[in-house]
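Walk through this model with the sequence and the coordinates side by side.

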Amino acid sequence: MTLPLPLGDLDHRTAAALAEVAVRFGDGLLRATQDQNLVLRGVAAATLPALHEALAPLALGEATPVVLQRLVSCSGSATCALGLCQSRGLAQELRRALVASGLDLDALADLRLRISGCANACGKHPTAAIGLVGASRRVGGHRLPCYVVQL
């Protein structure tokens, strides 16, 4: 079972609670994915309702469209000295805009969106159907952050 982690974030309290969930409902292991999510292995189909109930207080039990589960972003300029843009902020806004758009997000399951804060590709933008890479432009004598869209 995939446990979507928006932006790949997992605080220590949630991690501790998930460890208990993994032992109770799975094989005791959680695996990290390249899409910044977790996979709980060995879950029996009969335990799914109870598992969803256990995940609800952790805000991990709700259904998330696959396109949003696969949205990947590097840390960007928030913590990286090479980052030119706030890629995590863009990922949050893109996620919000997609949810509010009214689009059939389930129909976009095969679409991969990736955001990198610079050309180093830590967000894996070259592997995406739609990749955004942080850059800068000179406007009125000032350097401003921007994104280059790669399709």
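Start with strand E5 (residues 113-116) and strand E6 (residues 130-139), which pair in the parallel sense over four bridges. Helices (H or I, at least four residues) and strands (E, at least two) are DSSP runs, numbered from the N terminus. Two strands pair if DSSP finds at least two bridges between them. The model is predicted: local features need pLDDT of at least 70, side-chain atom pairs count only at pLDDT 80 or more, and totals for chains, interfaces and linings use all residues. Residues are numbered from 1 along each chain as its sequence is written, and side-chain values use heavy atoms, with hydrogens and water left out.

Find Ile 115, which stands opposite Leu 132 in E6. Now follow E6 to its other partner. Nine bridges join E6 to strand E7 (residues 142-150), and these two run antiparallel. Ala 135 has Cys 146 in E7 as its bridge partner. E6 and E7 form a hairpin with two residues between them. Gly 140 sits in the turn and has a positive phi of about 55°. In general, strands of a sheet pair through backbone hydrogen bonds, either parallel or antiparallel.

Go back to strand E5 and pick out Ser 116. Is Ser 116 buried or exposed? Ser 116 counts as buried because its relative accessibility is 0%. The cut-offs are these: buried means under 20% relative accessible area, exposed over 50%, and partly exposed in between (1.4 Å probe, protein chains only).

What does the side chain of Ser 116 meet? A polar contact of 2.8 Å joins it to the side chain of His 125. A polar contact is a pair of N or O atoms within 3.5 Å; within protein, one must be able to donate a hydrogen and the other to accept it, and residues adjacent in sequence count only if both atoms are side-chain atoms. A polar atom of the Ser 116 side chain also lies 3.1 Å from the backbone nitrogen of Gly 123. Leaving aside neighbours within four places in sequence, Ser 116 is in contact (heavy atoms within 4.5 Å) with residues including Cys 74, Ser 87, Leu 132 and Tyr 147.

Turn to the other sheet. It is open, has three strands in the order E1-E3-E2, and its pairing is antiparallel. E1 and E2 are the edge strands, each pairing on one side only. Two bridges join E1 to E3. Leu 3 stands opposite Leu 38 in E3.

Two loop residues deserve a look. Most residues other than glycine have a negative phi. Leu 7 is not a glycine, yet its phi is positive, about 65°. Leu 7 is found in the loop between strand E1 (2-3) and helix H1 (12-25). It is buried, with a relative accessible area of 14%. Gln 36 also has a positive phi of about 65°. Its place is in the loop between strand E2 (30-32) and strand E3 (38-40). Gln 36 is partly exposed, because its relative accessible area is 23%.

Finally, step back. The protein chain has four helices and seven strands. Along the sequence they follow the pattern β-α-β-β-α-α-β-α-β-β-β. The C-alpha atoms fill a box of roughly 60 × 35 × 25 Å, taken along the principal axes. Of the 151 residues in the protein chain, 32% are buried.
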